[in-house]
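Here is a briefing on how one protein chain packs together. Look at the helices first, then read the notes below.

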Amino acid sequence: MTATVIDGKAFSAQVREKAGKQVEILKSQYGLTPGLAVVLVGEDPASQVYVRNKGKATLEAGMKSEEIRLEVTATEAEVLDVVNRLNEDQTIHGILVQLPLPDQVNEMAILDAIDPMKDVDGFHVINTGRQAVGLPAMVPCTPLGCIMMLKDTLGELSGLNAVVVGRSNIVGKPMASLLLAESCTVTIAHSRTKDLPAVCRQADILVAAVGRPEMIRGDWIKPGATVIDVGINRIPKEDGKTRLVGDVCYEEAIEVAGAITPVPGGVGPMTIACLLANTVTAACRQAGVEEPEV
């Protein structure tokens, strides 16, 4: 048995195309151009790549893109000043502060300062709380992408056993909330879970978001299960270079699972696509108009 590979690149292209068409409708019918601002503090190489890719995707979707770069020595007050300015800017509907932030800047203080209506990352406590109780909220992009791929792959999720390995505020907890909203039976597993392999083997849906390269082996997976690998880990190769792997041992898992996301090319592309979708959603809510159907 060889698993079906869930093509995140192809699916994300559909999401981005839909966002672009929605932007065209908003411009023509309401004179509304969704705007996304990304704030980058410092010069972390990976963060610079992410920010550049987000800016490019925003422009390609026909949106306004603003990029604010601050020195790595920027104070918390300086970052807050930028966030407050963007909160007041009527042309900006989404604000994203690229993480991680330098040590002198309190991450939670910055995230909590973002207007919840403009919090397209879905990290503000108001959005996490609203999502947890089933109210409309901005949903974190990576879990949103995961649930979209699961529904596209499986259709109805109701009644399925889902195991989320990882309990972070960014992926694990919101992922569990989304699965609960689809009427799955959800277990959140983590580093202190007893007999983790046995817990994973119960899963019809297994979401790996633990940040440990290839931790989940093939014999941890229930035959025919759908595996969503959120992990992005860089490990050394024999030639001294590096390669990207997920939290799941892909070569083993593909022989057992029913469907699986690869790394790279699985969850990653969906994150930026869902950021565009969230920005469209935020613009519509702030303008008091319904999201266009395309």
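α6 passes α7 in a right-handed crossing (the near helix is turned clockwise from the far one by less than a right angle). This is a predicted model, in which local features need pLDDT of at least 70, side-chain atom pairs count only at pLDDT 80 or more, and totals for chains, interfaces and linings use all residues. Residues are numbered from 1 along each chain as its sequence is written, and side-chain values use heavy atoms, without hydrogens and water.

**The helix pair**
- The axes of α6 and α7 (lines fitted to C-alpha atoms over the stretch in contact, with angles from 0 to 180 degrees between N-to-C directions) come within 9 Å and cross at roughly 35°.
- Contact (heavy atoms within 4.5 Å) involves Pro143, Leu144, Cys146, Ile147 and Leu150 of α6, and Pro174, Met175, Leu178 and Leu179 of α7.

**Salt bridges**
- The whole structure holds seven salt bridges (a side-chain nitrogen of Lys or Arg within 4 Å of a carboxyl oxygen of Asp or Glu).
- In one of them, Arg69 meets Glu67 at 2.5 Å, N to O.
- Arg69 has 42% relative accessibility and so counts as partly exposed.
- Asp204 pairs with Lys222, with the closest N and O atoms 2.7 Å apart.

Definitions and conventions
Helix = DSSP H or I, 4+ residues; strand = E, 2+ residues; numbered from the N terminus. Buried < 20%, exposed > 50% of the residue type's maximum accessible area, 1.4 Å probe, protein only.
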